[in-house]
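Here are a few remarks for a colleague who is meeting this structure for the first time. Please look at the model below, and then read the points in order.

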Amino acid sequence: MNTAYYLINTVFDLYLMVVLLRIWLQLVRADFYNPFSQFVVKATNPPLKPLRRLIPGFFGIDMAAVVLALVVATVKFTLLKVINVFIADWSVLLLVGVITVLKKAGVMLFWILIIRALLSWVSQGRSQIEYVMYQLTEPLLAPLRRIIPPMGGLDLSILVAFIGLQALNWLMGDLFGSLWWQL
């Protein structure tokens with residue numbers, strides 16, 4: 001059962017991250033000709049094309065991709081429930097899917113901020129990956145930079161974003177209890 005749990009958890013979490021990246025790339029209007037963006041588009045297009053015929057966008061949000069993210073998370077926990085690894089009532093699987101999407105979005109934001117910070121230290125110039133990371137994180141970091149400008153060449157906006165993400169993570173843990181920490 002441990003092997004099945006590991007494989008289901010890993011495969012579904014990775015694909016959920018790709019779907020969430022698709023949503024995020026569209027929200028920030030990132031360069032879709034970038035190789036990183038092209039990977040995300042090609043990995044998510046097969047299930048999204050038929051969904052888009054049924055589910056229209058809503059104020060610039062690709063609702064088909066949002067539904068796909070919810071389906072991926074819910075199917076993951078349904079499979080875990082079938083193999084008796086996830087112990088919860090069948091009636092809460094959709095709620096667990098929604099909570100999982102929220103948590104994975106926060107985890108993804110954390111890691112993209114880490115990647116952007118590391119690339120800013122080691123990058124010699126503008127790489128294509130660095131440019132996409134910039135496009136993804138700048139809408140969050142620019143308002144923070146207006147409040148806390150760089151001091152002595154140090155940009156503290158990423159640190160403030162980390163603190164805010166961690167506070168939000170603890171708040172969600174308070175709201176959803178042990179369910180939040182198990183996901």
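1. Please keep in mind throughout that the model is a predicted one.

2. R52 forms a salt bridge with D62, and the closest N and O atoms of this pair are 2.5 Å apart. The pair links distant parts of the chain, since R52 belongs to helix 2 (residues 35-54) while D62 sits in the loop between helix 2 and helix 3 (63-82), 10 residues apart. On the side of D62 the relative accessible area is 11%, so D62 is buried.

3. A further salt bridge brings together the side chains of E138 and R116, at 3.0 Å from N to O. Because E138 lies in helix 5 (residues 128-147) and R116 in helix 4, the pair ties together parts that are 22 residues apart in sequence. E138 counts as buried at 13% relative accessibility, and R116 is buried as well, with a relative accessible area of 14%.

4. Salt bridges that share partners join D13, K76 and K104 into one network. Within it, the side chains of D13 and K104 meet at 3.3 Å, N to O. D13 lies in helix 1 (residues 2-27) and K104 in helix 4 (residues 93-122), so this pair ties together parts that are 91 residues apart in sequence. D13 counts as buried at 13% relative accessibility, and K104 is likewise buried, with a relative accessible area of 13%.

5. For the overall tally, the structure holds five salt bridges, among them R52 with D62, E138 with R116 and D13 with K104.

Note on methods:
Residues numbered from 1 in each chain as written. Predicted model: local features only at pLDDT ≥ 70, side-chain atom pairs only at ≥ 80, totals over all residues. Heavy atoms only, no water. Salt bridge = Lys/Arg side-chain N within 4 Å of Asp/Glu carboxyl O. Helix = DSSP H or I, 4+ residues; strand = E, 2+ residues; numbered from the N terminus. Buried < 20%, exposed > 50% of the residue type's maximum accessible area, 1.4 Å probe, protein only.
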